[in-house]
Amino acid sequence: MTGNSATRAIRALATFVLTAVVAAGLAPTAATAVALPAVESPTPSPAVSTSPAPSETPAPQPSNGTAPTQEPTGMPATTAPTAPSSVPAPAPTRDVAPAAPPNLAPTAVDIVPTGAIGAKWQLLGGAAGPLGAATADESCDQDLLCVQLFAGGRIYSTALTGANAVLLTAGKTGPQWHESGQLSAFGYPLGEEKCDSNGCYQKFSSGLDITWSAVGGPQTVWTKGGIGDSLFRLYGGYAQAGYPTSPELCDLVNSGCQQSFGNLRILWSSASGAAGVWTPGAIGAAYAAAGAESGWLGYPTTRETCGLKASGCYQMYQHGAVIWSPASGARTSHGGIRSAWASAGFENGRFGYPVSDEICGQPASGCLQQFQSGVIYWSPQTGANGVNGGIRAQYDNMGGLTGGYLGYPLGGEVCGQRDGGCYEWFQGGLIFWSPATGAQPVRGAIKAKYEQMGWHLSYLGYPATPETCVNGECVQAFQGGFLTWTPAATRDYRQSECTGLNDGRVKYSSGNANHVTLVYTAAYGQSFAGVAYCKRVAGMYVAEWTTSGFVGASGFKPPGVPSGPTRYNYSPTGSFSVTEAFGLGNPGTALPYRTLNPGSRWGGNPWTGSYNTYFESSSWVGYDENMWYFATRPQHDYRQGAVINYNRPPDSPIVQDAGFAIFLHENKVPTAGCISLDDWAVVDFLQKSTPGDRIIMGVAADIFR
């Protein structure tokens, strides 16, 4: 007879004796009573309590009034678990414990466990192991959940899970099971207690794990909830995340829940699902600084994801993200600025990582965020647009958002233009950039004219300088010319030799004259000349017109060499002022004008008091010039002309026989030393000239660098 068979026989005998005694009307005595092993009485489980679904967290006002941009492909999102995170009242998988007669004490006969429970008992060391000797027979319920009690705990067995022990004294998790509700609270064990260097855990049929660690002590984890699911699905369970250091608490904003696992804090809400935040950690610290789940970011919606460019990481939240890299630190990102950053390729695009959080309180209720290679600006009127590279440098140099006239950017940088150029629109104008010109702004009436001409696709090309305004006039240089603005008109001017007056390529000083006329030949001995009439607008010279003309038939003398008597037909080289004009009738010049008459002469005889000056005489003597004759003859040389102050005041004292009567006049033919132009050019010259205007003349190599 086996040990169990003997026990059953003893129990049957005891029952028979007890029945006979009762039937005889006798109270049982201590000698007749037979005690059987006690088995815990069935306990009904409480109903599972489900927390009501919290209301959705209102989104904070983003910078452009829109929800944050979803991460692009390549930045994985986290799928919210299906089960809510709130922990229901624990319930076992079996409603009742296996039935057993109550109040029966074990007999002195040893109970030897058998079957799966016996095998587990033997595996754990039998009576000498942590369970000790059996104190009751194995018992099973109608669902074939079997249990056997031992001095040091219990062994439960099912066909699916096999036999597993709950240790009473030797284990770390078993005592919590025994003290906190046992089968009714936790269900039966699904495996043995497992321990590592950091702690222990045991899984039970209710979905609750009991854990223990030196830091957290005994805790429970509701593995069927959002937090428990996230722990194992996203964070590798206890082995990687660590053991819980707090219970699951559901006292957060919007009915959210949290549980800490060492440095990992897993949060759950019905709107976000469950995800964890590492604390300490740069992203976690930035999240905490923004108010954590109670702040504008809301609850996390993904785990922290690394492996980005330059060893970066990011984590998504309900209303934005936190991005980190070793070079930039951890920064928040959301709203319209984030959308613009996303459109530019996030950290892989031209802006790189953010190096500041969003900074609001800008003009017109705007915001900005700084990035490694640029800034993104947002305002309610303009939305979010970025500025970077050379365009950003010019924008900042001009005062940026607060100190300049450009205001907020209206769109992103548009590249792929002619000659590798780019441009960007702002509220107050544009900035163009090209490798040849750098970044230059265009605005106002000059911008309107530039647009009318076809922008950088016209002969003007890209702007070469910013706009310059002086005394109510403005000018801007372009690759192929200039645009000027005055109250009267906005005009374009092609690039010409006049540009040399602005950049120092003309060797002679302009003397800040209102107009400078450049007259130059290709080489010595040549009389045919190029002519550029340059007008000063806002401190910069532009070509009012260019034409051709003639100088002395023998060409120019070298710099510093007198032209000599007119009979040798040389023109002087140098820079000379123009202070007076002459002719047969004033065409409307601002220069002092002398109307010629039959007695008008210009002294050409050296060592006389009239040398190189105007005088009147009825005779024509020697080398004197009869100005009336040259004005009235068919060639009409002096019908209109201007005096070039070579070898005469105010430019210099008169040097005898060094040269005289150097004029600018009509009759476009080679001369005795003067400059001759088409009639229209002489008249226009006189009509636009003012006292102090200058003429710079000579061989091109002598007057241009």
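Analyst: Here are some questions and answers about the fold, the disulfides and one serine. Heads-up: this is a predicted model, where local features need pLDDT of at least 70 and side-chain atom pairs count only at pLDDT 80 or more, while totals for chains, interfaces and linings use all residues. Residues are numbered from 1 along each chain as its sequence is written, and side-chain values use heavy atoms, with hydrogens and water left out.

User: How many helices and strands does the chain have?

Analyst: Both are DSSP runs numbered from the N terminus: helices are H or I with at least four residues, strands are E with at least two. On that basis the chain has 15 helices and 38 strands.

User: What share of the residues is buried?

Analyst: Buried means under 20% relative accessible area, exposed over 50%, and partly exposed in between, using a 1.4 Å probe and protein chains only. The chain has 705 residues, and the buried share is 51%.

User: How many disulfides are there?

Analyst: A disulfide is a covalent bond between the sulfur atoms of two cysteines. Here a pair counts when the sulfur atoms are within 2.5 Å. That rule gives a count of eight.

User: In the disulfide of Cys195 and Cys200, which cysteine is buried?

Analyst: The sulfur atoms of Cys195 and Cys200 sit 2.0 Å apart, and the link is right-handed, with 110 degrees about the S-S bond. Cys195 has 48% relative accessibility, so Cys195 is partly exposed. At 5%, the buried one is Cys200.

User: Is the link of Cys498 and Cys534 left-handed or right-handed?

Analyst: These two form a disulfide with their sulfur atoms 1.9 Å apart. The angle about the S-S bond is -85 degrees, and the link of Cys498 and Cys534 is left-handed.

User: How many residues apart are Cys498 and Cys534?

Analyst: The pair links distant parts of the chain. Cys498 is in the loop between strand 26 (490-494) and helix 12 (500-503), whereas Cys534 is in strand 28 (residues 528-537). Cys498 is buried at 0% relative accessible area, and Cys534 is also buried at 0%. Their separation is 36 residues.

User: Which residue's backbone nitrogen lies 3.3 Å from a polar atom of the Ser206 side chain?

Analyst: Ser206 is in the loop between strand 6 (199-203) and strand 7 (208-213). Its relative accessible area is 5%, so Ser206 counts as buried. The backbone nitrogen at 3.3 Å from that side chain belongs to Leu208.

Key. A polar contact is a pair of N or O atoms within 3.5 Å; within protein, one must be able to donate a hydrogen and the other to accept it, and residues adjacent in sequence count only if both atoms are side-chain atoms.
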